[in-house]
Amino acid sequence: MTAPLVIAIDGPAASGKGTLARRLADYYHLPHLDTGLTYRAVAHVLIARGWPLDDEAHAVEAARQVDLANLDKHALSAHAVGDAASRVAVISEVRRILVEKQRDFARQAAGAVLDGRDIGTVVCPGADVKLYITASPDVRATRRLRDIEGRGGSADFAEILADIERRDQRDTARSDSPLRPAADAHLLDTSEMSIEAAFRAARAIVDDTLAKRNGA
Ligand code: C5P
């Protein structure tokens, strides 16, 4: 039996980490968890019930109910839910509950790919490979705009950019588990890279780790 392979991927909103995580999970035949969905699920419950986003008691209750096997990606993908998620993500008790579930997910026989903001630093500090994906705010806003337009929607570039910068600020400034690269993370700036090139670079890092592990 081969040892489990855990890949931790972190980075700011719209950095391309989600696409990269999915591609790596497919390639290495590993289960994948987008941990952003767990924070979004909590925010979604609060929004649906009309509760304020800083209502800790209800947020904690909603976090306990989060079922990783039943995350409705479609319902959770709305832009407003992402912004709301970054507000509930500052509540330490919510983080503690969700991190526990995320760690359980990472403990599978084959290993797993998890992407988020604190995977390499908090959720899986012992991960075999840690990647920190960045891109300039302008590039990320452009990608998000193309994404929205590709799905038939429309949006304003300046608004998207402002939202990305606001979310960066909230995610890097919070006191509990702020967004930052782990000391042993490989940094990948994808500003000038296609997704294909980023995927190749990430694969090279993972393959190198596997080769070292196998004594090559
Ligand atoms: O990645 P996504 O945009 O879905 O994440 C939504 C929000 O959830 C982030 O802006 C961040 O505040 C929070 N989050 C987090 N820790 C994670 C994943 C997401 O705090 N591991």
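Five strands form an open sheet in the order β2-β3-β1-β4-β5, with parallel pairing. Strands here are DSSP runs of E, at least two residues long, and helices are runs of H or I of at least four, numbered from the N terminus. Two strands count as paired if DSSP finds at least two bridges between them. The model is predicted: local features need pLDDT of at least 70, side-chain atom pairs count only at pLDDT 80 or more, and totals for chains, interfaces and linings use all residues. Residues are numbered from 1 along each chain as its sequence is written, and side-chain values use heavy atoms, without hydrogens or water.

The edge strands of the sheet are β2 (32-34) and β5 (186-189), and each pairs on one side only. From one strand to the next, the twist averages 20 degrees. Angles run from 0 to 180 degrees between N-to-C directions, with axes fitted to C-alpha atoms, for helices over the stretch in contact. Strand β4 (residues 129-134) runs parallel to β5 and is joined to β5 by four bridges. In this pair, T134 stands opposite D189 of β5. Helix α1 packs on the sheet and touches β1 (5-10), β2, β3, β4 and β5. The direction of α1 makes about 170 degrees with that of β3. Contact means heavy atoms within 4.5 Å.

The chain divides into domain 1 (1-31 + 110-216) and domain 2 (35-107). These bounds come from an automatic or database domain assignment. The C-alpha centres of the two domains lie 20 Å apart. Their contact takes 22 residues from domain 1 and 19 residues from domain 2.

The largest pocket holds about 1,300 Å³ of space. A pocket is an open set of points on a 1 Å grid over the protein atoms alone, where a 1.4 Å probe fits, with protein on both sides within 12 Å along at least five of seven lines; lining residues have an atom within 4 Å of a point. Grid points are joined across faces, edges and corners, and the volume is the space filled by probe spheres set on them. Both domains give residues to the lining of the largest pocket, so the pocket lies between them. Its lining has 46 residues, with A14, G18, R40, R144 and D147 nearest the centre. Helix α8 supplies the largest share, seven residues. The lining comprises 15 nonpolar, 14 polar and 17 charged residues. Ala, Val, Leu, Ile, Met, Phe, Trp, Tyr, Cys and Pro count as nonpolar, Asp, Glu, Lys and Arg as charged, and the others, Gly among them, as polar.

The second largest pocket has a volume of about 240 Å³. Sixteen residues line this pocket, and A41, V45, A62, Q65 and V66 lie nearest its centre. Helices α2, α3 (56-65) and α4 (73-76) each give two or more residues to this lining.
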